[in-house]
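Here are a few notes to go with the model, for when you have a moment to look through it.

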Amino acid sequence: MTRRSTKRRKIVLSAFVVGLILYCVALLWLLPGLLKSPINAQLKQNHLKINYQHLWINPLTLDIHLRETTLEDLSGHSILDAQKMTIDWQLWPLLNRHININHLLLKEATLNLHLNADNQLIRPALNPPSGDSQWQFSPGRIEVIDSSLYLQRDQQTLQIHHINLKLNMANLLDSTQTSNQPLLRFETDPGGEFLLEQNAQNKGFHWQIYNWPLAQLAPWFNVGIELNGKFTASGSLTWSSGQLPVIKVEDSTLNIVQLRRPPFGVQQANIKANNIQIDINTQQLDIENISANGGELTVQADPLDFSNLINPPQASDNLWQLRLNALALLDWQITLQDKHPTIKSHVEHFILETENQQQNINAAFEVTEPFNHAVKMNLHGPINPVLLQGTIQADELALERLNPWLKALDTWQFEHGRLTVDSRFCLYNEGFYTQGKWSLPRVSAFSADQRIETTQTSLQSIGLQFDEKILTLNNMHSETLDVFLTTPDLNNPIIQDINHAPPVTENLWRVVIGDVLNRGCEIKPL
């Protein structure tokens, strides 16, 4: 080997070493500085700062590896903690102020987000990108492994753990890029699971929720709801470009331990629903079928306010449209409670079906309180508008238990009375009409200065006009009817209540005795 050849090799080797040193200097000093400028500018704009314990750049692939990375706001509150972060990016677009991320990996990360009472993000307080920003950002594949999310609002925290996410931002809405691989999987605390995967067959997404704890969702509804139970469901999701998603629920089970949202309350209910479609674009909610076997429903409502019970007021700000095709309730306990004594009933079945856009119901139930014996009722017919036919049966009902309601209807009270009923009825929007047997062997009633006593009284029909507040007693017959003028017994608590009642007459019902025909419906033979 000649001296010239040896010298040439030394020059080449020296040039390689110098080049390698310059490459390492550029890789470890110039490149991080070049990347640091746009990143710090964007973080500063959003009042954030980043810290890390170790940074390493792969000299072959230029991948950036960060260990124990912390993203904080300027007050020191942690936003993101990641044990491992890997960034696969492109170098040459950086020269044109364009950051292209091929792959972002977060492993064992914790994300903390704070919301206000209106569920708006307040920490981190992100600002919209400024119009004069010269840097562009293009995300690619995002992968999250075994991470956690904490959503905090006031004193409530929603915890989601074991998050595993694989998401290609560029191909998310591209129908040509589909696979049956899971995109997102996580667990709630305690015990719930969620899975989202892309479906290659119908170019959409399939999702599944298992045992989601409802108590974690209640604080986020902003309607003052108390909710406890679990939710399991599965379905699909389609998300077309330029539109909001359309969610379909194939099957769902809602196990409610307790739900309270005045004026309603539900306990110990197992509700199943299928074929549900939620279109956020048109604000349309379609439900094919709901069934519930067993449960307790409590409603804070005045049973004397018939108009609102039959025709509930519509919320003016409710823009969503609901279509329910079928409903089946079996073995339910329903309670109406307000300022009057509680009314309890046992619903054997309540079936709602839709045919040619007409909704019909078929129901059978017993009213168990406040009477001493059960009142059995069944009904059927359309509800839009309300035109129901049915029967009512009861034996020896103690009429004095109606006295708390009679204070709102009239100044009369029952001292004694037993009612036996076997009648058909018709219920419509404006009223209620019955035809059949109404018998009272003996009745004693009184007001502040009168008393009425009857024997062997019978009625053929009774009618109620809700809007006009008229009670009609039709075809009334009695063997004896005696009316007495009495001196008020001021020591009688009932007389005291009557005397001290406010002199309001516009809300009192009028009682009309006579053969008054029904106005709204005709009772059909059984």
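**Notes on backbone and packing**

1. Asparagine 475 sits in the loop between strand 27 (470-474) and strand 28 (480-485); strands (E, at least two residues) are DSSP runs, numbered from the N terminus. Although not a glycine, asparagine 475 has a positive phi of about 55°. Its relative accessibility is 27%, so it counts as partly exposed (between 20% and 50% relative accessible area, with buried under 20% and exposed over 50%; 1.4 Å probe, protein chains only).

2. Before reading on, please note that this is a predicted model: local features need pLDDT of at least 70, side-chain atom pairs count only at pLDDT 80 or more, and totals for chains, interfaces and linings use all residues. Residues are numbered from 1 along each chain as its sequence is written, and side-chain values use heavy atoms, leaving out hydrogens and water.

3. Glutamine 456, in strand 25 (residues 450-459), also has a positive phi, about 50°, and is not a glycine. With 44% relative accessibility, glutamine 456 is partly exposed.

4. Two cis peptide bonds are worth a look. One runs from proline 262 to proline 263, with omega near 10°, and proline 263 belongs to the loop between strand 14 (246-261) and strand 15 (264-279). Another joins glutamate 369 and proline 370, with omega about 15°; proline 370 is in the loop between strand 20 (358-369) and strand 21 (375-382).

5. Threonine 86 lies in strand 4 (residues 78-89) and is buried at 11% relative accessible area. Beyond its neighbours within four places in sequence, threonine 86 has contacts that include Ile64 and Leu104 (heavy atoms within 4.5 Å).

Notes
Helices (H or I, at least four residues) and strands (E, at least two) are DSSP runs, numbered from the N terminus.
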